[in-house]
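Student: Please walk me through this one, as I am new to it. Where should I start looking?

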Amino acid sequence: MSVLSDYERETDPLSDQSRALPLGAYSDSDVFDLEMERVFRRDWIGVCGADELPDSGDYRALSVAGEPVVVIRGDDGVLRCFSNVCRHRGTVLYGVGYGNASSVQCPYHAWSYDSVGRLTGIPHAGSAVIDKASHGLVAIRLETWKDIVFINFDADAEALAPRLAGLDRYVDPFQYDRFECAPPTKEKSWNANWKLILENGMDWYHLFQSHPQSLDPIAPTRNAFNIEGSPDWTVTASRQTHATPKRGDDPPSLGDFERAHYLVFSIPPNIVFFANADGWAWLAVLPQSADRTILCEGGRFSRHQDGPAAAEMKNNDLIVEEDRVLCERIQGGMSARVGSGGQLVELDRPIKDFHHYLGWRLFDHERAEAWRTSVDPEPRSTAVGK
Ligand code: FES
Ligand SMILES: [Fe+2]
């Protein structure tokens with residue numbers, strides 16, 4: 001059996017055995033190419049924070065599924081996404097990373113474009129009559145959701161906002177607008193498949209074993225539980241060992257549940273975010289090859305130093321490094337031909353939702369049904385820990 005047919009079977013909700021994906025799905029280059037074509041070129045991909053680009057001309061240039069793009073705030077204050085490729089003969093225009101420019105001039109023959117994508121200058125054109133209006137930068141769809149900028153190459157794709165509407169009831173009580181934006185993203189490159197990193201981000205199961213000194217003491221595996229999910233998004237949580245204290249500047253919407261819990265959300269294919277009463281952080285994975293992925297992070301955080309979020313922030317570098325070492329080690333197992341992925345446990349449920357998402361997008365499987373448990377603020381026994 002080929003990797004692809006195993007992958008197809010394990011992502012089909014109708015033949016669901018709640019097993020892990022075949023290992024080759026994380027290392028096979030044909031699988032990777034199919035994922036780029038059917039997932040990253042057709043669905044909404046999170047690329048940066050809107051609050052990271054506050055001023056006219058602020059931009060973030062990057063590559064998504066091999067496609068150079070730039071997200072830029074125009075001089076009219078509107079965020080847009082363009083193909084980052086010159087309309088003359090295709091040179092990449094904005095250098096990769098963050099910057100600010102009210103216009104950009106191509107380094108090859110100096111065609112220039114303004115911050116809303118219009119072609120404004122064509123030197124030495126001679127007798128050629130070039131219609132500037134039809135030679136502007138090519139627009140790519142963009143939607144912003146709770147500060148995260150998503151782009152989509154597919155002009156026919158369904159809008160993103162209706163798909164994420166069910167998340168509002170979990171996210172809105174925190175009112176993250178009251179916090180300051182984190183410094184601009186520092187990209188990291190990990191030698192691991194993009195799915196491994198996304199799955200690791202939504203995985204409560206590994207904390208007790210892999211983060212025993214850094215994250216598990218704050219939001220433990222033994223207190224983790226599933227809340228709600230579907231192929232569109234998932235919500236899980238752990239009851240923190242110390243609730244975020246009540247504070248004078250708390251918004252009325254911030255209740256005992258929000259103060260007591262650390263929540264993890266996933267929005268496939270490439271976003272997970274982490275939330276508690278003192279802030280939220282998002283992680284975007286940008287696949288480069290079957291075994292290399294770029295990670296970007298952003299978020300908004302309280303300045304209070306007395307809550308669990310401050311404790312986690314202190315440990316953040318350690319947690320991220322523990323995850324990098326772990327993900328790169330898991331990648332080492334993905335080329336194994338002996339053996340296969342095994343049975344998943346209850347806390348792996350969001351990972352199974354992600355697999356159903358992949359089956360839906362890659363293989364046109366029927367969409368798996370949404371599920372929801374009663375939100376239980378008390379710790380309960382899980383299949384792991386004590
Ligand atoms: S390729 Fe950009 S001006 Fe020629
Ligand atoms: Fe981790």
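Student: Is D323 buried or exposed?
Tutor: D323 counts as buried, because its relative accessibility is 12%; here buried means under 20% relative accessible area, exposed means over 50%, and partly exposed lies in between, with a 1.4 Å probe and protein chains only. Please keep in mind that this is a predicted model, in which local features need pLDDT of at least 70 and side-chain atom pairs count only at pLDDT 80 or more, while totals for chains, interfaces and linings use all residues. Residues are numbered from 1 along each chain as its sequence is written, chains are lettered from A and ligands numbered from 1 in the order in which they are written, and side-chain values use heavy atoms, with hydrogens and water left out.

Student: Okay, and what coordinates the iron ion (ligand 2)?
Tutor: D323 takes part through two OD atoms, alongside the NE2 atoms of H206 and H211, at 2.0 to 2.6 Å. Donors are N, O and S atoms within 2.8 Å of the metal (3.2 Å for Na, K and Ca), and since water is not among the atoms, sites may look incomplete.

Student: What spacing do those donors follow along the chain?
Tutor: The donors follow the pattern H-x4-H-x111-D. Helices (H or I, at least four residues) and strands (E, at least two) are DSSP runs, numbered from the N terminus.

Student: And H211, buried or exposed?
Tutor: H211 counts as buried too, because its relative accessibility is 1%.

Student: In what order do the 7 strands of the open sheet run?
Tutor: The order is β1-β10-β9-β4-β3-β2-β5, with antiparallel pairing, where two strands pair if DSSP finds at least two bridges between them. The edge strands, β1 (45-49) and β5 (97-100), each pair on one side only. The twist from one strand to the next averages 30°; axes are lines fitted to C-alpha atoms, for helices over the stretch in contact, and angles run from 0 to 180 degrees between N-to-C directions. Within this sheet, β2 (residues 58-64) and β3 (residues 67-73) share 6 bridges, and R60 has V71 in β3 as its bridge partner.

Student: How much of strand β18 is buried?
Tutor: Strand β18 (residues 292-301) is mostly covered, with 7 of its 10 residues buried. It pairs antiparallel with β17 (residues 279-289) over 10 bridges, and the two form a hairpin with 2 residues between them, in which L286 stands opposite I294. Strand β12 (residues 188-190) also joins β18, through 3 antiparallel bridges, and K188 is partnered there by L295.

Student: Last one: where is the place of L198, and what does it touch?
Tutor: L198 lies in helix α5 (residues 194-201) and is buried, with a relative accessible area of 0%. Leaving aside residues up to four places away in sequence, it touches P269, N270, I271, V272, V285 and F354, where contact means heavy atoms within 4.5 Å. The C-alpha atoms of L198 and I271 are separated by 7.2 Å, although the two residues are 73 apart along the chain.
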